Amino acid sequence: ILIVDADSELENTQGQPAGFKEVDKKLKGIIKEIKSNDHYKNVKILYYIMPFHDEQHFGQLEDLFIKSLKKDYQKKLDECLKPFQECLQKQNPKPKIAKNKMPKVQMEILLKSFNKNSSNDNLMEWIDYNHKSLDNFKKFLKEKVFEIKNKK
């Protein structure tokens, strides 16, 4: 099972696909190439494109992580981000951080905070694994991993 991050179409850079459709097309090509080798032709290769594995809901892996934070950590992030945004606006009335880049900025703040406090926190404890934004991914894992185990 391959799990990849698609990023948004706005993140498309030279030679690197972005967005569900482009990543889906690229993965299908890679899988077809792998299966063209006789040694791998009967191997089932599944994939999940993060964050939502569909064409209707756009987002980045960082969006999924931030949405699924436990409330305490979300509050900490909000407390850090608001002064940061206010500082940027004082420096420049129109901050140069594009809206689609904000989740990456939020992740940077979180990870820097985690690195400073790593002796006190476990990054895995920050996530609410029952958050609805993770439901689609959990469903995929349950169905596909179970499917693979039953075929053995």
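Rings of Phe, Tyr and Trp (its six-membered ring) count as a pair if their centres lie within 6.5 Å; planes under 30 degrees apart are called stacked, over 60 edge-to-face, and the rest tilted. By that rule, Tyr 48, Phe 137 and Phe 140 form one aromatic cluster.

The model is a predicted one, in which local features need pLDDT of at least 70 and side-chain atom pairs count only at pLDDT 80 or more, while totals for chains, interfaces and linings use all residues. Residues are numbered from 1 along each chain as its sequence is written, and side-chain values use heavy atoms, with hydrogens and water left out.

**Aromatic rings**

The structure holds three aromatic pairs. One of them joins Tyr 48 and Phe 140, a tilted pair with 4.9 Å from centre to centre and 50° between the planes. This pair links distant parts of the chain, since Tyr 48 is in strand 2 (residues 47-50) and Phe 140 in helix 5 (residues 135-151), 92 residues apart. Helices (H or I, at least four residues) and strands (E, at least two) are DSSP runs, numbered from the N terminus. Both Tyr 48 and Phe 140 are buried. Buried means under 20% relative accessible area, exposed means over 50%, and partly exposed lies in between (1.4 Å probe, protein chains only).

**The largest pocket**

The largest pocket has a volume of about 200 Å³. On a 1 Å grid over the protein atoms alone, a pocket is an open set of points where a 1.4 Å probe fits, with protein on both sides within 12 Å along at least five of seven lines; lining residues have an atom within 4 Å of a point. Points are joined across faces, edges and corners, and the volume is the space filled by probe spheres set on them.

Leu 77 lies in helix 3 (residues 71-91), and Leu 110 in helix 4 (residues 102-116). They are 33 residues apart along the chain, with 6.8 Å between their C-alpha atoms. Leu 77 counts as buried because its relative accessibility is 1%. Leu 110 is buried as well, at 4%.

A search of the whole structure finds two salt bridges. A salt bridge is a side-chain nitrogen of Lys or Arg within 4 Å of a carboxyl oxygen of Asp or Glu.

| Salt bridge | Closest N and O atoms |
|---|---|
| Glu 22 and Lys 25 | 3.8 Å |
| Lys 28 and Asp 24 | 3.1 Å |

Glu 22 and Lys 25 both lie in helix 1, three residues apart, about one turn of the helix. Lys 28 and Asp 24 are also separated by about one helical turn, because they are four residues apart in helix 1. Lys 28 is partly exposed at 48%, Glu 22 is partly exposed at 36%, and Lys 25 is exposed at 56%.

Helix 1 (residues 20-35) also holds Ile 30, which is partly exposed with a relative accessible area of 37%. Ile 30, Ile 34, Tyr 40 and Val 43 make a nonpolar surface patch of about 300 Å². Such a patch consists of residues with over 30% relative accessible area and no salt bridge, and nonpolar side chains (Val, Leu, Ile, Met, Phe, Trp, Tyr) are joined within 5 Å. Accessible areas come from the Shrake-Rupley method with a 1.4 Å probe; for residues, only the protein chains shown count as cover.

Technical notes. Patches are made of residues with over 30% relative accessible area and no salt bridge: like charges are joined within 9 Å, nonpolar side chains (Val, Leu, Ile, Met, Phe, Trp, Tyr) within 5 Å.
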